[in-house]
Amino acid sequence: MKDQLIETWVIHNRINLYLLDGIDEAHLADVSASKGRSVGQQFAHIHNVRLMWLAAAQKELAVGLVKLEKDAPLSKDGLKQHLTDSGQAIEKLLAAGFDSGRIKGFKPHPSAFLGYLISHESHHRGQIMLVLKQSGHAVSRKVGFGMWEWGVR
């Protein structure tokens, strides 16, 4: 079961990267009609929340990972690298958590932590999709439907 749960995280992270790949670089600056974070800042927030949990639960896994500041310039390549790196660190955190039965600083158990992370990041994926649609830059139908093809991502 541990391997399946970790694979679920890996697929989820690939879906984030698939969405990012489907967005034009210029549209990372798109912002919702109700303001808030830009598309690029949404991806940066996902990465930064991962770093927050790594720092709280297993600090050594965050070594070499960099927080993305709110006003920092964001590129697709940079975001992709940060999300890949933090995704791999979370994968290691989950593996250790499943082995020990706990994630330091999170209750009730590692499976719930996985659910929390996926829920949080999926919320922001939805926000990204909405911002892009409101801005007239909706992702292609291929990308929109492709995010649900977990068996091939």
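Predicted model: local features only at pLDDT ≥ 70, side-chain atom pairs only at ≥ 80, totals over all residues.
Let us start with Asp99, which counts as exposed because its relative accessibility is 57%, above the 50% cut-off for that class.

The side chain of Asp99 forms a salt bridge with that of Lys2, with N and O 2.8 Å apart. Lys2 belongs to helix α1, residues 2-21, and Asp99 to helix α3, residues 76-100, so that this pair joins distant parts of the chain, 97 residues apart. Lys2, at 31% relative accessibility, is classed as partly exposed.

As a general point, side chains of opposite charge can pair when their charged atoms come close. How many salt bridges does the model contain? The count is 3, and I shall take the other pairs in turn.

Asp21 and Lys80 also meet through their side chains in a salt bridge, at 3.4 Å from N to O. Asp21 is in helix α1 and Lys80 in helix α3, so this pair ties together parts of the chain that lie 59 residues apart in sequence. Both ends fall in the intermediate class of accessibility: Asp21 is partly exposed, with a relative accessible area of 41%, and Lys80 is partly exposed at 32%.

The next pair is Arg50 with Glu121, whose closest N and O atoms are 2.8 Å apart in a salt bridge. This pair too links distant parts of the chain, with Arg50 in helix α2, residues 39-57, and Glu121 in helix α4, residues 110-134, 71 residues apart. Are Arg50 and Glu121 buried or exposed? Both are buried.

Sorted by class, the contact of α2 with α3 has 11 nonpolar, 5 polar and 1 charged residues.

I turn now to the backbone. Most residues other than glycine have a negative phi, and most peptide bonds are trans. Against that background, two places deserve attention. The peptide bond from Lys107 to Pro108 is cis, with omega near 15°, and Pro108 is placed in the loop between α3 and α4. Lys35, a residue other than glycine, has a positive phi, near 75°. Lys35 sits in the loop between α1 and α2, and at 61% relative accessibility Lys35 counts as exposed.

Finally, let us return to helix α1, where Leu5 is found. Which residues does Leu5 touch, leaving aside those up to four places away in sequence? They are Phe98, Ser111 and Leu114. Leu5 and Tyr116 are 111 residues apart in sequence, and their C-alpha atoms are 13 Å apart in space.

Key
Residues numbered from 1 in each chain as written. Heavy atoms only, no water. Salt bridge = Lys/Arg side-chain N within 4 Å of Asp/Glu carboxyl O. Helix = DSSP H or I, 4+ residues; strand = E, 2+ residues; numbered from the N terminus. Buried < 20%, exposed > 50% of the residue type's maximum accessible area, 1.4 Å probe, protein only. Nonpolar A, V, L, I, M, F, W, Y, C, P; charged D, E, K, R; others polar. Contact = heavy atoms within 4.5 Å.
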